[in-house]
Amino acid sequence: MQLDIIGARNDLVENNIVIKAIQLLEKKTGLQLKTKITLKKNIPIGAGLGGGSSDAAATLLATNQLFDLNFSISELMNFALELGSDVPLFFHNYPTIGKSRGELLEKIQLEIDFPILLVNPGIHISTKEAFSNITPKPSSFDYSDILKLNINDWRQQLNNDFENGVFQLYPEIAKIKNTLNKNGAIFSLMSGTGSTVYGIFESIEEIKQAIDILPKSYFTFIGNT
């Protein structure tokens, strides 16, 4: 297959998860799937936003359809686990709670009626690096109960265990979270393994004020408006 990436370094092509997804389907089918894929990277790499995992899920779905492989969604999701624990999440576009390795997905009716700001400082954090600096521990909160919480109570109950290790290595990311919390965020947390931090605000005006405080070199995105 041929993979061209727009918006990423060429040296990332060889080990890109899109190639691994095609190779996995070739292994499952015994076929040579001749493909040419152009991948436009809009989500920063190593940002904790699932950019690579969503690319992999889209590749499995599209290749299955284009080559009439006739795998079910359930089968594709099982294949996806061989690429990464969070890849199955991106087969659906609704909120879910992931359990076990992340492969047991529970759909929930979660709606956030506030604008959300994403902030990325341009720091690349590999999954391996993030996991090497974490000490897993049982959660004191059952995330299935999130719908029972008022969003103003999320700070006391919801956390990201990756934050401690990542913040020690990259204090700049911790500073972003503190900045958002001090400038109007109802709730703020690092996304996944980092380095993106998101904040939920009551208004777009407050988000714009927070952006004005942050370094201009940061990538920012306003969602759910």
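Let's start at Asn70, which is found in the loop between α2 and α3; helices (H or I, at least four residues) and strands (E, at least two) are DSSP runs, numbered from the N terminus. This is a predicted model, in which local features need pLDDT of at least 70, side-chain atom pairs count only at pLDDT 80 or more, and totals for chains, interfaces and linings use all residues. Residues are numbered from 1 along each chain as its sequence is written, and side-chain values use heavy atoms, with hydrogens and water left out.

Asn70 is not a glycine, yet its phi is positive, about 65°. Asn70 is also exposed, with a relative accessible area of 68%; exposed means over 50%, buried under 20%, and partly exposed in between (1.4 Å probe, protein chains only). Asp68 lies in the loop between α2 (51-66) and α3 (73-80). Its phi is positive too, near 50°, and Asp68 is exposed at a relative accessible area of 58%. For background, most residues other than glycine have a negative phi, and most peptide bonds are trans.

Gly194 and Ser195 are joined by a cis peptide bond, with omega about 20°. Ser195 sits in the loop between β6 (187-190) and β7 (197-200).

The largest nonpolar core has 22 residues, and Leu25, Leu60, Leu76, Val87 and Phe91 have the most contacts inside it. A nonpolar core here is a set of buried Ala, Val, Leu, Ile, Met, Phe, Trp, Tyr and Cys residues joined through side-chain atoms within 4.5 Å. Two or more residues each come from α1 (17-29), β2 (36-40), α2 and α3, and α1 gives the largest share, seven residues. Leaving aside residues up to four places away in sequence, Val87 touches Ile17, Ser53, Ala56, Ala57 and Ala80, where contact means heavy atoms within 4.5 Å. A second, separate core of 21 residues includes Val119, Phe162, Val197 and Tyr218.

Finally, look at two helices. Helix α6 (residues 162-169) and helix α7 (residues 171-182) pack at an angle of about 120°, their axes 5 Å apart; axes are lines fitted to C-alpha atoms over the stretch in contact, and angles run from 0 to 180 degrees between N-to-C directions. From α6, Glu163, Val166, Phe167, Gln168 and Leu169 make the contact, and from α7, Pro171, Ile173, Ala174 and Lys177.
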